[in-house]
Each structure stands twice: as structure tokens, then as C-alpha cells.
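Hello,

Here is the structure for you to look over. My notes follow below it.

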Amino acid sequence: MNNRIRPIFLVEDNPMDLDLAKRAFARRRTANPIEVAHDGEEALGWLPRWEGGAPIPVVILLDLKLPKVDGLDVLHQLKIHPLIQRIPVVVLTTSSEERDIQSAYERGANSYIVKPVDFDRFIQVIDQIEQYWCNLNTPS
Amino acid sequence: MNNLDRPILLVEDNPMDVDLTRRAFARRRVFNPLEVARDGEEALQLIAKWASGEPMPVVILLDLKLPKVDGLEVLRQLKSEVHCRAIPVIVLTSSSEDRDIQTAYDLGANSYIVKPVDFEKFLDVAAQINLYWNVLNIPPR
């Protein structure tokens, strides 16, 4: 499948971060559609949709502090799912706690990035994530 | 420890690719020591050294076609040892075969990148890998 039609999947409950990320993608003229889940339950609700043939994301950006189902639990479910486990998951969170970093890698996170608080820097980080995972990396 | 003091490990048997990676990193002022393992066996020996306390790399760049021990086998062992399985492993190979891509992700590769044949493009890819994994990504301790 062409990487460009596969969506970027954002799991994020904070409306401001969501808005910033969308604006950053729009500014880069990202061709991939952006799909959003606002809590952990909604994220896991996508598993049956993907099983049913919905386009598999090219990369998943996952916040850790999520309502309903915690980000680390979502990560675990994604990484044991036979259809989804090969999809890169980038943890994008405000937490720089050693425990979260280790737990995320233990559960199979492909990458761990701390959200910058500065607006411009946040946009730049989203740019770099898009550039790396949508252009440079070869997805499964 | 500061990321910039930790080595980057390159597992690569082709001297030209080793040289290109070095030059790309030097051009971008990457100060991390670049450690090189020239075959799969050398790479596996490092796993034991890390277990005994030598500094672990911030990221591992792994070729697949390696003498002595195959790259996928190196990946399998890296990702099955508790002390080092969290270190990001970027497969950097000339192979774009689906079977290699699938197997690499199944074994826990963090990312898979096909080596460009063009010299300038290779330098650019090496620089981007450095920017992402050495500056942006937070590695495990």
C-alpha cells in the first residue's frame, strides 16, 4: 500500500495539543489523513475496525496520560495484536519520568519523545516525527 | 548520563558504508563516539560487555547481511536480553524485501530504513537518523 494514503493515528486527549499537532501536519502539507482517538478506549475501539479492513496507520502517536484506558495499557494491547504489532508507536508525552520511559520501551514502544512546552518547538518536533516516520522509515 | 557521551553502535561489514556514516556524522558535528562491529559475532560479544557494565549505546544501526552471524539473528538476541532489549535498533540495509521488513519488525526492530545508493542521499539519511534518535528520541537508561 502507498504510505501516503495510510493515516497517521493520534491518540491524545488534550484539545490544545491535538490542535497544535493538526496545524503542524497541515503546515507540512502532510498527505496522510490524520485520525484521532481522544481516550484509550476510543483508541482500542479501532482494533476491530482495522481487522475489518480500515487502512492501517503508518505510525501511531500515543500520549500516556489518557482517560478511561491508560496509554501504557493501550500500548500493550497494540503490541500484542497480530495485525498491528509491527506498526511503529511513538510515545509523545509530557512525562520524562524514568519509570514511564522504561515501561514504554518494555511494552514495545518504537520511540519515546517528550512534548516540548514551547509552541514553536512543539511544531518543530511534530515536523521531525512526520519527516522520519512518513518519509524515511520503511513501514511494514 | 548525557546522551551525547553515549556511543552510537554501527554494525556494518562494508568499509565504505562505515566510512560514509563516519563522514556524515562528522559533517553534522555528532560528538558521540561511533563504535563499529564489523560482523555479527563482534556485535554479539558487545552484549556480554554491556552486561558487565560497559556503557550501552544510545542507538544501534544494524545492517542485515553480515558475515559470521546474520543481522536478523543479532537483532533477535539484542531484543531477547533483558539488559539491552530496550535500546533502539534501527535496521539500515540495502534490502527492501518484504520478508526482511516483516521479520525485522516481528523481532522488535524500532525502525527499518533502506540504504540509499546515492552518496549525498546516504549522508542525508545518516544525518536524519542522528537527528531523530540522538536528539529527539529519549533513549532508555
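Which residue of E2(B) stands opposite Val11(B)? It is Ala37(B).

First, the ground rules. This is a predicted model, in which local features need pLDDT of at least 70, side-chain atom pairs count only at pLDDT 80 or more, and totals for chains, interfaces and linings use all residues. Residues are numbered from 1 along each chain as its sequence is written, while chains are lettered from A and ligands numbered from 1 in the order in which they are written.

Now chain B. Five helices and five strands make up its secondary structure (DSSP runs numbered from the N terminus; helices are H or I with at least four residues, strands E with at least two). From the N terminus, the order is β-α-β-α-β-α-β-α-β-α. Strands E1 (residues 8–11) and E2 (residues 34–37) of chain B run parallel, joined by four bridges; pairing takes at least two DSSP bridges. With helix H1 (residues 15–27) of chain B between them in the listing, E1(B) and E2(B) form a right-handed β-α-β unit (clockwise from first strand over helix to second, strands pointing away from the viewer).

The C-alpha atoms of chain B fill a box of roughly 35 × 35 × 25 Å along the principal axes.

Last, the contact between the chains. Chain A gives 20 residues and chain B gives 21 residues (contact: C-beta atoms, placed from the backbone, within 7 Å). On the side of chain A that touches chain B, H5(A) supplies the largest share, five residues.

Regards

Note on methods:
Two residues are in contact if their C-beta atoms, placed from the backbone, lie within 7 Å.
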